Structures are given as structure tokens and as C-alpha cells.
Amino acid sequence: MIDRNRLRVWWDALLRTAFTGTDSAPKRSAALRRLRALAIVGCGLWAAFITFSTVSVSPPLKAFNVVVTVVPCLLAVRSALWGWRALILGLIITPLTLPGMVESWGWPWSPGLALTAALVLYLVGESTDQTELTWAALISLGAVTPFLRDWRDAALLVVLGGILFFVGNTVRQRRLAEEERFAQQERRIAEETRAALLEERAGIARELHDVVAHHMSVLALRADSARFRFAGPEKAELDDGVWREFADLALTAREGLTELRRLLGVLRAGDGELPVVPQPGLAGVVKLVEGVEATGTRCELELRGDLDDVPVGVALSVFRIAQEALSNAIRHAPGAPVSVELAKQPGFLRLVVHNGPGDRPKRTEQARGGHGLMGMRERAAMLAADLEVGERPDGGFRVALIVPLDREGQLKS
């Protein structure tokens, strides 16, 4: 049975090839597109010059053949199929205007038009798919066959045209394979980035789990111990409704703590039994600087303001950002001096880590999408903070973090 869908596909391909279709232009840089267009136009002008030099007819017919030779190349700059359509018309019309061309070199077309045909056929093979390319080959053969003297000329044209189509199509298939490989690589990088982002968020949640759980536990204990702390004359003044309120408050705190552990405790499942250690705070920045100096790198630390009343969650995130910034400075600019500024001012907390230029190449790739910088941005977003990361005009690298705080030193809602 005849597959109607397949016939429809081939019929649509025929219509696109002969009338409406345009080739799929590959992605090229602007400079490469200009260079390619210049090469095609130059080849067309050279073919027109050959036609002008080899055709011995009246001036109007010579001018006509020159135009027919160069127009397909000019159209092929924008669309190889439109250049091929103009070429087919030229191959049909020009033999009627060159009656003595067969006797002079064996073909009914001028040498310049033959050069144009070779270029256009290659461009069609380079820019069209297999189905359209098949139709282009069949139409081309059908257009030139009536002007050939015997089957040997037809066989020669089939071989020459097939080689041009094959070479062009090979270039196209290789380009498509490279584009697919590049697309797969981009998808892989996107998946790796997404996995790293999720891992970083899970790590942040694991760290903050203990901090939030501590506050919830303190709240539950204080609510439970209220009846004992208000023993004495004051206790008599408190009615049963107030005690029930304290009991409900303790129950709510314990339920919230249970739900928090149930929700975030799964983040520890992949890590096995993690050691329970105190989470670092801003005091740990001093130890970080001492560790950098121990490697032989000059590191200056400037502390300003009262850093003891900074919330634990904020202190933990700022410490991690400072830790990552110093690690990057040692890794990417070994030996370069480093300065760290940590200041608490009314309304905000400020951290600046700056290192001078190192001996290694600049960290352009690291600044764009490194996993360490990703973690910095995630922590800054969690704190509703402003983070500035980038290279400095002197070749160094700077990390600046500004965390907004309210009047009591807590995060703004």
C-alpha cells in the first residue's frame, strides 16, 4: 500500500524546494557571515568576468549572459535555494542565446555559468535537508538533460553534481552534529548547575536546621517553665486562662519543632550520621584570617561595631560567605594580599573581601558561574542582602555583602 503521509511529506518538500522554501542558515558570527558573503559575491563576479571574456555574441546577449551568471551568486548570499532557482532558469534560457558554445568547449553553457552552478549546488547541499536536496538534484538533472548530446554528458553531470551535493551535505551534517553536541553540553552544564544549586540549598538548610531548632526548643522550654518562674504572689494574680495560654504556647512550639525536624531532617539522610558541632559565627572570621596568614599570604582584618548581637542565622551565612571568598582568593590568586572588612552599622551588616591580582589567569569563568559563588548568591538571597562579586580594575577580585538589619538587629521581614 502507498503511504499517503510519506507522499505528502515528499510533495510538501517538492513545493518548498521549487517555490517557497528557504534554506536554514546556520549560526555564524557577524564577521564570518560577512566573510562568507564576500567570498560568494567574489566568486560570482569572477564567473561573470569569465563569461564576459569567453562569450562571443552581440553586446545585448553578452550582457544578458553576464547578468544570468552573477545573479544566482548574489541571491545565494541570502538564500541558497533562491540562488538555485535563478540558476535553473539560467541553465534553461542561456543555451538559446549561445548557439556556438557547444562547438567551442562541448557544453551549451558558458564556463562562467558552469562555475556559478558549481558554487550554488554546493551551497544548496550545505543548507537543505535530505528530502529537499533530493528534489533539487532531480529538478537540476531534468532541467539540463534536454540540452545534452548523449548519455555520457548526462553521466558526467550526474557525477559532478552529485559530488558537489555530497560535499555540501557532508559539511551540513557535520555542522548539525556539532550543534547537537554543543546543545547537549549546554544541557549537561545546566543540569550540573541545577544539581549544584539544589545541593547548596540543602547544605544551607542543614546548617540552619540546628539554629532554628535551637530557638524553637528554647521557646518550648520557657513556655513550659513559666508556671514555676511565676511562683509566689504573682502566681495568684494569674487566672487559669493565662496558664492555659502558656500551655498552648508550649504545645504549639513543640509541634512546630516536630514538624521542622520531620521536614528538614530528611536533608541529613544522604550524609549519614553527621557530627553535632556548634555552628560557626562571626568570631570564626578571625580564625579564617589566621588560617590564611598561616599559608604565607598577607591578610588584613578590620572589625567595626558590636558583632556579638548579630542573629545566629545571619552570622552563620556571613561566615560561610567570608570562608568561600577567602578560599577563592587563595586558590585563584596565590600570594596576593587579602583584606577583610567586617562592620556592623545601624541598619545593616557589611562584609568586604578583596584580594590583589595573582599570577594565574583572571577568574572570568569562576565569576560567571562557579559553584562557590553560587552558594554565596543563595545565602545572600536568603538574607535579602546585596552581593557584589567581580573583578577589579587592578586585576584583583572583590566580594562585597550588605545585609539589612532592623532596629533590634534582626532580619527584616
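**Starting with one alanine**

Me: Buried or exposed: which is Ala 384?

Reply: Ala 384 is exposed, with a relative accessible area of 53%. The cut-offs are under 20% for buried, over 50% for exposed and partly exposed in between, using a 1.4 Å probe and protein chains only. Keep in mind that this is a predicted model, where local features need pLDDT of at least 70, side-chain atom pairs count only at pLDDT 80 or more, and totals for chains, interfaces and linings use all residues. Residues are numbered from 1 along each chain as its sequence is written, and side-chain values use heavy atoms, with hydrogens and water left out.

Me: Where does Ala 384 lie?

Reply: In the loop between helix H15 (371-382) and E4. Helices (H or I, at least four residues) and strands (E, at least two) are DSSP runs, numbered from the N terminus. Ala 384 also has a positive phi of about 55 degrees, although it isn't a glycine.

Me: Which residue takes a positive phi in the hairpin of E4 and E5?

Reply: That's Gly 395, with a phi near 95 degrees. The hairpin has 5 residues between its strands.

Me: And how do E4 and E5 pair?

Reply: E4 pairs with strand E5 (residues 397-404) in the antiparallel sense, over 6 bridges. For strands to pair, DSSP has to find at least two bridges between them. If you want one to look at, Glu 388 has Ala 400 in E5 as its bridge partner.

Me: OK, zooming out. What order do the strands of the sheet come in?

Reply: Read across, it goes E1-E2-E3-E5-E4. It's an open sheet of 5 strands, and the pairing is mixed.

Me: Which strands stand at the edges?

Reply: Strand E1 (299-304) and strand E4 (386-391). Each has a single partner strand, so one side of each is left without a neighbour in the sheet. On average, neighbouring strands of this sheet are turned by 5 degrees against each other, direction ignored.

Me: Which strands does H12 lie across?

Reply: Helix H12 (residues 284-294) lies across E1 and strand E2 (338-345), and runs at about 165 degrees to E1. Axes are lines fitted to C-alpha atoms (for helices over the stretch in contact), with angles from 0 to 180 degrees between N-to-C directions.

Me: What about H13?

Reply: Helix H13 (residues 312-332) lies across E1, E2, strand E3 (348-355) and E5. With E3, H13 makes an angle of about 10 degrees.

Me: Next up, Ala 333. Where is its place?

Reply: You'll find Ala 333 in the loop between H13 and E2. Ala 333 counts as buried because its relative accessibility is 6%.

Me: Which residues is Ala 333 in contact with?

Reply: Leaving aside neighbours within four places in sequence, Ala 333 is in contact (heavy atoms within 4.5 Å) with Asn 328, Asn 355, Gly 356 and Gly 358. Another pair to look up is Ala 333 and Gly 396: they're 63 residues apart in sequence and 8.2 Å apart in space, C-alpha to C-alpha.

Me: Last one: how many helices and strands does the protein chain have?

Reply: The chain comes to 15 helices and 5 strands. Of its 413 residues, 36% count as buried. Take the contacts between residues at least 6 apart in sequence: 72% of them join residues at least 24 apart.
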